[in-house]
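Here is a friendly note to read beside the structure. Please have the view open as you go through the points.

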Amino acid sequence: MGTHKILLVLKQLSCNENCLTSDAKQQLNSLLCIFVTYISKIAINLVDISNKKTLFTNEIQNAIQLTVNGELSSNMIQEGFKATMIFDENNDKKNKRKI
């Protein structure tokens, strides 16, 4: 994840008077990177506990549920599922072009 994704989201917001400075955008990016690293460490621990060798979406979802509570957790999981579906669709299209 990079600043690129944050900038895309921030462009969608109306920025008439209260725009974020570049320093604030960098801080948001750093926070996002720390959060993703934390979630991934928890997911890896869940894989180790279950004696598996492969990380699946279930471990990511469980790590999010352990870290974030309530509606935000379910929203994050739903958005992650959408992103995974879009990735799979795009990946399938690329593979069909190669054949």
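1. Let us start at one residue. Asn-51 is exposed, with a relative accessible area of 70%; exposed means over 50% relative accessible area, buried under 20%, and partly exposed in between (1.4 Å probe, protein chains only). Asn-51 sits in the loop between helix 2 and helix 3. Its phi is positive, about 55 degrees, although Asn-51 is not a glycine. Most residues other than glycine have a negative phi.

2. A word on the model itself. It is predicted, so local features need pLDDT of at least 70 and side-chain atom pairs count only at pLDDT 80 or more, while totals for chains, interfaces and linings use all residues. Residues are numbered from 1 along each chain as its sequence is written, and side-chain values use heavy atoms, with hydrogens and water left out.

3. Now the overall build. The protein has 4 helices and 0 strands, and its pattern along the sequence is α-α-α-α. Helices (H or I, at least four residues) and strands (E, at least two) are DSSP runs, numbered from the N terminus.

4. Next, burial and surface. Of the 99 residues in the protein, 13% are buried. The protein exposes about 8300 Å², and carbon and sulfur atoms supply 56% of that area, computed by the Shrake-Rupley method with a 1.4 Å probe.

5. Which residues form the largest nonpolar core? It has 6 residues: Ile-39, Ile-42, Ala-43, Ala-63, Ile-64 and Ile-77. Helix 2 (22–49) and helix 3 (57–67) each supply at least two residues of this core, and helix 2 gives the most, with 3 residues. A nonpolar core here is a set of buried Ala, Val, Leu, Ile, Met, Phe, Trp, Tyr and Cys residues joined through side-chain atoms within 4.5 Å.

6. Ala-43 is worth a look. Leaving aside neighbours within four places in sequence, Ala-43 is in contact (heavy atoms within 4.5 Å) with Leu-55, Glu-59, Ile-60 and Ala-63.

7. Finally, the helix pair. Helix 2 and helix 3 pack at an angle of about 120 degrees, with their axes 8 Å apart; axes are lines fitted to C-alpha atoms over the stretch in contact, and angles run from 0 to 180 degrees between N-to-C directions. Residues making the contact include Phe-35, Tyr-38 and Leu-46 of helix 2 and Asn-62, Leu-66 and Thr-67 of helix 3. By class, this contact has 11 nonpolar, 2 polar and 1 charged residues; Ala, Val, Leu, Ile, Met, Phe, Trp, Tyr, Cys and Pro count as nonpolar, Asp, Glu, Lys and Arg as charged, and the others, Gly among them, as polar.
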